[in-house]
Amino acid sequence: MFSVLPRAAGSALRQTRLLFARTEPRMALQLRCAASATLRLLEDCLEVSYGGTPMRFNYVWLRDHCRSASSYNSATHQRSLDTGSIELTLRPESSAVEDGQLVLTWPGGHVSKFSLSWLAENSYEGRKTVMEQPCVLWNANIYQNACISAAKWDKFMSCDSELKKFLQNYLWYGIAFVDDVPATVEATEEVIRRVSLIRETIYGRMWSFTSDFSRGDTAYSQLALDRHTDTSYFQEPCGIQVFHCLRHEGTGGKTLLVDGFYAAEKLRQHFPENFELLCRVPIRHEYIENTENHQNHMMGIGPVLNVYPWNNELYMIRYNNYDRSVMNTIPHDTIRRWYVAHRELTTELRRPENELWVKLTPGKVIFIDNWRVLHGRESFTGLRQLCGCYLTRDDVLSAARRFGLQA
């Protein structure tokens with residue numbers, strides 16, 4: 001895994017309030033193995049003081065997470081122990097620290113051993129200080145000054161180091177590019193499959209479209225589109241969006257990119273109560289299509305912003321003013337505050353300094369984190385043909401983890 005940011009990106013990071021939680025917090029947890037540990041058997045948990053940090057572990061949790069051969073299959077990385085068989089009043093008969101390991105003996109003689117570094121890394125106290133997905137927050141100036149190079153098609157298709165660099169850029173910034181791709185649907189699909197499985201949706205697997213209104217969506221027009229995330233009307237919005245402009249015989253059509261996390265963190269910084277409200281209140285998004293060839297009615301419900309409850313880390317923004325449905329999930333005494341909070345977020349998203357404009361040309365393929373980066377476009381003239389697809393988020397993150405990247 002890369003342990004430091006590129007110099008330009010590091011400079012950009014220092015201009016933001018967050019985020020690059022590099023590897024230091026995790027390393028700090030791992031390095032505690034050199035410190036001594038003290039134990040306290042409390043009524044409902046074991047308190048382990050290790051490296052100056054007290055951590056509390058529920059007794060049932062400790063037995064449930066035992067990694068002994070009878071409790072855990074290390075070949076398949078799956079639990080063998082039946083959690084439903086653990087007595088909820090269970091307590092260990094003895095506890096000790098031996099050679100950097102916590103050793104617990106349970107009633108009946110079963111012994112569980114945990115390395116202290118593993119406990120530190122997997123304790124609640126440890127996890128709430130570590131980011132699940134380190135990233136660089138950016139506006140247009142920050143991103144442009146980072147001078148991030150696009151992957152080159154020929155090297156990308158044959159060299160794992162180029163794929164790893166591409167994935168790291170994607171994780172850091174929420175967007176990544178591959179240049180010099182042959183301007184065909186087939187070549188685009190080969191590039192995409194190098195990264196992940198394609199997610200088939202109501203729009204098909206790989207799609208190629210022009211402004212012919214062949215689907216019941218304004219994307220199939222020449223109109224400008226404001227910043228938004230896609231498939232907000234799915235219960236789980238698609239994780240990654242891919243675009244490749246195969247040809248454009250006209251003017252306009254630049255692609256707009258906005259880091260939704262950057263805007264949301266600005267909102268959290270200046271109006272924390274509005275940020276919290278947008279995390280808490282679920283709203284409905286809807287897509288109704290009734291054309292000759294396509295009949296669909298999709299509906300998804302969720303808040304505009306989503307955070308992990310243990311560390312308050314933002315992991316998804318669901319923002320689409322086109323597809324937001326009737327607001328009937330918010331009581332009247334909250335609705336005005338929701339509109340105020342939504343307006344503040346919209347103001348941040350629409351600041352000109354946050355807008356990154358990119359001209360997609362034949363050969364340039366862009367991958368967009370649809371849970372983070374909003375996209376839009378300016379209006380255009382002439383024939384403009386795009387192809388692309390959606391990717392499964394899980395498989396992209398799995399590919400990154402296989403390279404040792406934190407994802």
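This is a predicted model: local features need pLDDT of at least 70, side-chain atom pairs count only at pLDDT 80 or more; totals for chains, interfaces and linings use all residues.

Student: How many residues lie between S16 and S17 in their hairpin?

Tutor: Four residues lie between S16 and S17 in the hairpin. As an example of the pairing, Arg284 has Ile301 in S17 as its bridge partner.

Student: How are side chains arranged along a strand?

Tutor: In a regular strand, side chains alternate between the two faces of the sheet.

Student: Is Gln241 buried or exposed?

Tutor: A residue is called buried when its relative accessible area is under 20%. Gln241, in strand S14 (residues 240-249), has 1% relative accessibility and is therefore buried. Beyond its neighbours within four places in sequence, Gln241 touches several residues, among them Trp207, Asp230, His375 and Tyr390.

Student: Which backbone oxygen lies 2.9 Å from a polar atom of the Arg377 side chain?

Tutor: That oxygen belongs to Leu223. Arg377 is part of strand S22 (residues 373-377), and its relative accessible area of 8% means that Arg377 is buried.

Student: Where is Ser221 placed?

Tutor: Ser221 is in the loop between strand S12 (207-209) and strand S13 (225-228). Because its relative accessibility is 2%, Ser221 counts as buried. Ser221 and Thr210 are eleven residues apart along the chain, and 7.5 Å separates their C-alpha atoms.

Conventions
Residues are numbered from 1 along each chain as its sequence is written. Side-chain values use heavy atoms; hydrogens and water are left out. Helices (H or I, at least four residues) and strands (E, at least two) are DSSP runs, numbered from the N terminus. Buried means under 20% relative accessible area, exposed over 50%, partly exposed in between (1.4 Å probe, protein chains only). A polar contact is a pair of N or O atoms within 3.5 Å; within protein, one must be able to donate a hydrogen and the other to accept it, and residues adjacent in sequence count only if both atoms are side-chain atoms. Two strands pair if DSSP finds at least two bridges between them. Contact means heavy atoms within 4.5 Å.
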